[in-house]
Amino acid sequence: MMRRAHLTACVTLLLTAGLAVAQPRAGEWVNYRDAYRAMVLFDKYGGPKNLLQNHLQVLPREKGALGQGVQLLMQGKTVQAGLALDALGRTTLPLLKAAYDENAVLAPNRALGGFTVKPRVSLALRADGAYDVTELRAACEQALGFARYADRSAGSRQCVGVRLVFHKDGEAGSVRLRAGGAEQALPMTRGAAFAGDAGDAGADLPVVTYRFGAQPAGQVVTSSAPLAIVPLFE
């Protein structure tokens with residue numbers, strides 16, 4: 001019999017996803033209803049969110065377990081679907097009444113040695129790779145608004161910047177700040193995509209942190225597309 005990975009809607013202040021789900025015990029599947037309840041919180045939020053995107057992320061316990069071809073299978077009496085995962089293990093969870101009514105389960109298409117499932121809110125990406133600082137600030141404020149809606153303890157937090165996350169095995173390229181007629185490269189380091197994930201598999205990724213500071217305008221320009229842009233709160 002498959003073991004269940006318990007998914008509990010516990011809010012933490014990453015909003016590097018807005019809402020994070022507590023670490024479950026090692027398991028083989030999660031209940032669709034639990035994932036639905038966690039994800040629908042964003043769907044029901046009435047504040048501005050046009051600059052944001054909402055995903056469900058699968059985090060394997062074992063380093064390197066989330067390789068090519070891993071999908072999250074949604075399995076119910078009449079509902080059957082395979083949800084493709086991006087390089088961070090994220091997918092868009094369909095909010096389906098039939099899957100909820102049938103108490104469908106979510107399970108990877110191959111064993112991961114146990115896994116964690118977390119809702120993740122990040123900033124919408126641009127095809128041209130150029131992000132106005134004013135738009136990044138606005139998107140971060142939208143994410144903070146949702147964080148405060150999801151968790152009252154977020155009330156004292158402020159937007160301080162964004163983290164651009166790149167593919168572990170890809171060519172991250174460069175990230176530059178253009179402002180006042182000048183251009184400077186922003187340093188790239190390695191770390192977790194989302195706050196609080198340092199202990200998770202796949203946390204050693206190329207990342208660039210841009211802190212807003214007093215810079216009122218300008219552009220953050222990427223030479224290759226990031227996997228995610230994560231709001232930073234302090």
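Which residues do ring pairs link into a cluster? They are Phe42, Tyr45, Phe146 and Tyr149. Keep in mind that this is a predicted model.

**The chain overall**

There are three helices and 15 strands here. The chain has 234 residues, and 50% of them are buried. If you take the contacts between residues at least 6 apart in sequence, 75% of them join residues at least 24 apart.

**Back to the rings**

The count of aromatic pairs comes to seven.

| Ring pair | Distance between centres | Angle between planes | Kind |
|---|---|---|---|
| Tyr45 and Phe146 | 5.4 Å | 65° | edge-to-face |
| Tyr45 and Tyr149 | 4.9 Å | 45° | tilted |

Why is the pair of Tyr45 and Phe146 called edge-to-face? Because planes over 60 degrees apart count that way, and these two rings have their planes at 65°. For Tyr45 and Tyr149 the planes are at 45°, so that pair is tilted.

Both pairs link distant parts of the chain. Tyr45 sits in the loop between α1 (32–44) and β2 (52–60), while Phe146 is in helix α3, 101 residues apart from it. Tyr149 is in helix α3 too, 104 residues apart from Tyr45.

Are these side chains buried or exposed? Tyr45 and Phe146 are both buried; for Tyr45 the relative accessible area is 11%. Tyr149 has a relative accessibility of 42%, so it counts as partly exposed.

**Helix α3 and its sheet**

Helix α3 covers residues 133–150 and packs on a sheet, where it touches β8, β10 and β14. The direction of α3 makes about 70° with that of β8. How does the length of the helix check out?

Quite a list of α3 residues is buried, including Val133, Leu136, Ala139, Cys140, Ala143, Leu144, Phe146 and Ala147. Gln142 is also among the buried ones. As background, an α-helix has 3.6 residues a turn, so residues three or four places apart point the same way.

The sheet itself is open and has four strands in the order β8-β14-β10-β11, with antiparallel pairing. Its edge strands are β8 (130–132) and β11 (182–185), each pairing on one side only. On average, neighbouring strands in this sheet are turned by 20° against each other, direction ignored. Inside the sheet, β10 (residues 175–179) and β14 (residues 219–222) run antiparallel and are joined by four bridges. One place to look is Val175, whose bridge partner in β14 is Thr222.

**The nonpolar cores**

The largest nonpolar core holds 30 residues, and the members that touch the most others are Val162, Leu164, Tyr210 and Val220. At least two residues of this core come from each of β7 (115–123), α3, β9 (159–165), β10, β13 (205–211) and β15 (228–233). Helix α3 gives the most, with nine residues.

Leaving aside neighbours within four places in sequence, Leu164 is in contact with Val175, Pro206, Val207, Val208, Val220, Thr222, Ala228 and Ile229. There is also a second, separate core of 19 residues, which includes Val30, Ala35, Val58 and Leu85.

**The other four-stranded sheet**

Val30 turns up again in another open sheet. Here four strands run in the order β1-β6-β3-β4, and the pairing is antiparallel. β1 (30–31) and β4 (80–84) stand at the edges with a single partner strand each, so one side of each has no neighbour in the sheet. β1 pairs with β6 (residues 105–108) in the antiparallel sense over two bridges, and Val30 stands opposite Leu106 in β6.

**A lysine in a loop**

Finally, take a look at Lys168, which is placed in the loop between β9 and β10. Its relative accessibility is 36%, so Lys168 counts as partly exposed. What does Lys168 touch, not counting residues up to four places away in sequence? The answer is Lys63, Arg190, Asp204, Leu205 and Pro206. Lys168 and Arg190 are 22 residues apart in sequence, and their C-alpha atoms are 9.2 Å apart in space.

Terms used:
Residues numbered from 1 in each chain as written. Predicted model: local features only at pLDDT ≥ 70, side-chain atom pairs only at ≥ 80, totals over all residues. Heavy atoms only, no water. Pairing = 2+ DSSP bridges. Axes fitted to C-alpha atoms, helices over the stretch in contact; angles between N-to-C directions. Contact = heavy atoms within 4.5 Å. Buried < 20%, exposed > 50% of the residue type's maximum accessible area, 1.4 Å probe, protein only. Core = buried A, V, L, I, M, F, W, Y, C linked by side-chain atoms within 4.5 Å. Phe/Tyr/Trp six-rings, centres within 6.5 Å; stacked < 30°, edge-to-face > 60°.
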